[in-house]
Amino acid sequence: MGDPMKWVKKDPEKENVFWPTEAAKARAWVSDESIYAEAKADPVAFWEKYAKEIHWFKRWDKAYEFAPEAYKWFVGGKLNLSYNCLDRQIDAGNGDRIALIWEPEPVEEEAISLTYKELHRLVSKFSNVLKGLGVTKGDRIGIYMPMIPEAVIAMQACARIGAVHSVVFSAFSPDSLRDRMVDAGAKVVITADGYYRRGKAIDLKKNADTGVEGTPVEKVVVVKRLDKSTPMTPGRDLWYHELMDGASESHQAEEMDSEDLLFLLYTSGTTGKPKGIMHTTGGYAVQSYLTAKWNFDLHEGDIYWCTADVGWITGHTYINYAPLLNGVTSLLYEGSPDAPDYGRMWAIIEKHKVTQLYTAPTAIRMFLKWGNEWPKKYDLSSLRLLGTVGEPINVDAWMWYFEVIGGGRCPVIDTWWQTETGANMVNNLPGIGPFIPTVAGRTFPGVHGEILDAGGSVLAPGEGGYLAIFSPFPPALTRGIYGDMERFKAQYFTEYGPERYFTSDGARMDETGNTRITGRVDDVMNVAGHRLATAEVESALAQNNKVSEVAVVSRPHDLKGEVPIAFVLLKGGVDHSDEIRKELMGTVNQVIGPTGRPDKIIFVDDVPKTRSGKIMRRVLKALVRDEPVGDLTTLQNPESVDQLKSLVDYKGG
């Protein structure tokens, strides 16, 4: 069998193509390619088969029911996701197994480990706290939390009592929090006094206080993370630890219908207004459980580390729910990968003997830039599998990750999915392969994806088009946009009809079904793995009263993948200056947060427009990418392009 620690072997006939070894196949949950044919022949039966591996209070009456924009899974089934994560593990005799490891950023602080029994006790107590605050099934709860154990406890408690959580990334601005809480109609917000980032104490409570102003929020529960004085609003603000002190440890999980709303997660849309993506309980639980088990080869004793933030869908599914559904240990890290130095990630892997690492190409490119000497200081031999998520990965980053971090022995599982899909959708399985740089792989068994042209016809292998997912839709696929089902229909089902979900991602597929994702085809950027609409940045900049008009496009970036570039027209009498530029950056910080900050703000006198007055962002995008600008005959002001060429140092011709 060769080296038992070697999980991949190089294809002798093809460069940079790798396959699982016999040892890897023997260990993997799935190693026979026939699984794809089986799942394709009857995807509904496939998902039913594996749905039986989790706990149901009542089995479903019908597995899949289709109606336009109103498909359902496991109809009539009753379950609870938190019960499946915690009670089911305890009932199986795994209560003393470590469920969660929390690594704080300050190196002088001790890590915290919670067993499944201990996590169950804390989740039960906080479930009773929420009920004591008047939270009932269906109420929306905001979670504005850093990467601390209480974030997982809060999400699990919401799922346990049937409340709908809406997590907001802790680096988002107060305005972003307010918009989401108003749209969701949130009753309670759970936050913390602060957290550590690159050695600095960040005051999160101050942002939360501003963010809940003008919202329906009645109570704010505050976790004490920092040793500092925190202003508390009487009658509204409550300390988490004080509420937990008096709470009962006994709590029976609520029986939820399979199609009951589990959570809302707001994501960027092309209109600039974030949309509340709805995920329901049963289908999400099943697909989260199975994709994590098969894709990351999860087994008893594994220490699995997904480096995402709980504020993103990756954190929801692959930090919180899926690892616990599989009974493994999920690692949570509070801080930055460069604190106190560039070796922090690798030190954590060595310390906790991490077996699977799931991170973003942006992070990998950053690690590569920092140099090989940092990972080489640490023992990374515990790693068995590497994963990537959030954006397409380039060859250099993939090979560095494979060779330097994985030592050439670990498969790289390149996953494609979205906030809307809830769980992994495209990737190769570790027991089947192949593992090819820049190629995500086949659609997961039970997922039917095709590459289509603009008219909806399936394209031949190698032809570039648009990735679409066909009905029967995968169980975790979103059930809609909260409060705006017309927008849901228009965005995802107008392009190709109600039985084909339009992903807005370009792709091409080879003759074996392996898919390369080429990137977004709409006005949504992938900035350091975070989805951000150009319209959101435009809207933020336009809020500054010195701005007359603004257009934002994306440009490739070596580390972040893409970055926003802003073209700004100032109002009459306002002169261009570095002070105005800093002020505009501050406006974006306030409205969106650091994620939305433009890489460059270019002050212009005019932008190219059609005769109907529409800004030609196609031309601006070509200019910042140094690509041919194409036909300009439809412009009312073609002379503006020449001025812009000099401002962006354009050489594209």
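User: Which residues touch the most other members in the largest nonpolar core?
Analyst: This is a predicted model. In its largest nonpolar core, Phe126, Ile190, Tyr318, Trp346 and Leu357 touch the most other members. That core has 162 residues.

User: What gives the most to this core?
Analyst: Helix α6 does, with 9 residues.

User: And what is phenylalanine 126 in contact with, leaving aside neighbours within four places in sequence?
Analyst: Ile153, Ala154, Ala157, Ile190, Val221, Tyr240 and Met244.

User: What other core lies apart from the largest one?
Analyst: There is another core of 22 residues. Ile565, Val607, Val624 and Val629 are among them.

User: Back to α6. Which strands does it lie across?
Analyst: Helix α6, residues 149-161, lies across β6, β7 and β19. It runs at about 140° to β6.

User: What is the strand order in the sheet of 7 strands?
Analyst: β7-β6-β19-β18-β20-β21-β22. The sheet is open, and its pairing is mixed. The edge strands are β7 (112-115) and β22 (412-414), and each pairs on one side only. On average, neighbouring strands are turned by 20° against each other, direction ignored.

User: How many bridges join β6 to β19?
Analyst: 4 bridges. β6 covers residues 98-103, β19 covers residues 329-333, and the two run parallel. Leucine 100 has serine 330 in β19 as its bridge partner.

User: Now the sheet of 8 strands. What's the order there?
Analyst: β14-β13-β10-β8-β9-β16-β17-β25. This sheet is also open, with mixed pairing.

User: Why is one side of β14 and of β25 left without a neighbour in the sheet?
Analyst: β14 (237-239) and β25 (480-481) stand at the edges with a single partner strand each, so one side of each has no neighbour in the sheet.

User: Which helix packs on the sheet, touching β14?
Analyst: Helix α8, residues 204-211. Besides β14, α8 touches β8 (140-144), β10 (188-192) and β13 (219-223). Its direction makes about 160° with that of β10.

User: How many bridges join β9 to β16?
Analyst: 2 bridges, between residues 164-167 and residues 261-267. These strands run parallel. Serine 166 stands opposite leucine 264 in β16.

User: Switching topic. How many disulfides does the count come to?
Analyst: The count comes to 0 disulfides. For cysteine 85, the nearest cysteine sulfur is that of cysteine 158, 13 Å away. For cysteine 306, the nearest is that of cysteine 85, 15 Å away. A disulfide needs the sulfur atoms within 2.5 Å.

User: Is cysteine 85 buried or exposed?
Analyst: Cysteine 85 is buried, with a relative accessible area of 0%. Cysteine 306 is buried too, at 2%.

User: Which peptide bonds are cis?
Analyst: One joins glycine 433 and proline 434, with omega about -5°. Another goes from serine 471 to proline 472, with omega near 5°. Proline 434 is in the loop between β22 and β23 (449-452). Proline 472 is in the loop between β24 (465-470) and β25.

User: Which residues other than glycine have a positive phi?
Analyst: Among them is glutamate 69, with phi of about 55°. Serine 504 is another, with phi near 65°. As background, most residues other than glycine have a negative phi.

User: Where are glutamate 69 and serine 504 found?
Analyst: Glutamate 69 is in the loop between β3 (62-65) and β4 (72-75). Serine 504 lies in strand β26, residues 500-509.

User: Are they buried or exposed?
Analyst: Both count as buried, because their relative accessible areas are 16% for glutamate 69 and 7% for serine 504, and the cut-off is under 20%.

User: What about α10: how far apart are its end C-alpha atoms?
Analyst: They are 21 Å apart. At 1.5 Å a residue, the 15 residues of α10 (281-295) should span 21 Å, so the two values agree. Helix α10 is mostly covered, with 15 of its 15 residues buried. Just after α10, aspartate 297 takes a positive phi of about 50°.

User: Last one. What does glutamine 491 touch, not counting residues up to four places away in sequence?
Analyst: Lys275 and Phe502. Glutamine 491 lies in helix α15, residues 485-492. It is buried, with a relative accessible area of 18%.

How values were computed: Residues numbered from 1 in each chain as written. Predicted model: local features only at pLDDT ≥ 70, side-chain atom pairs only at ≥ 80, totals over all residues. Heavy atoms only, no water. Pairing = 2+ DSSP bridges. Axes fitted to C-alpha atoms, helices over the stretch in contact; angles between N-to-C directions. Contact = heavy atoms within 4.5 Å. Expected span 1.5 Å × (residues − 1). Buried < 20%, exposed > 50% of the residue type's maximum accessible area, 1.4 Å probe, protein only. Core = buried A, V, L, I, M, F, W, Y, C linked by side-chain atoms within 4.5 Å.
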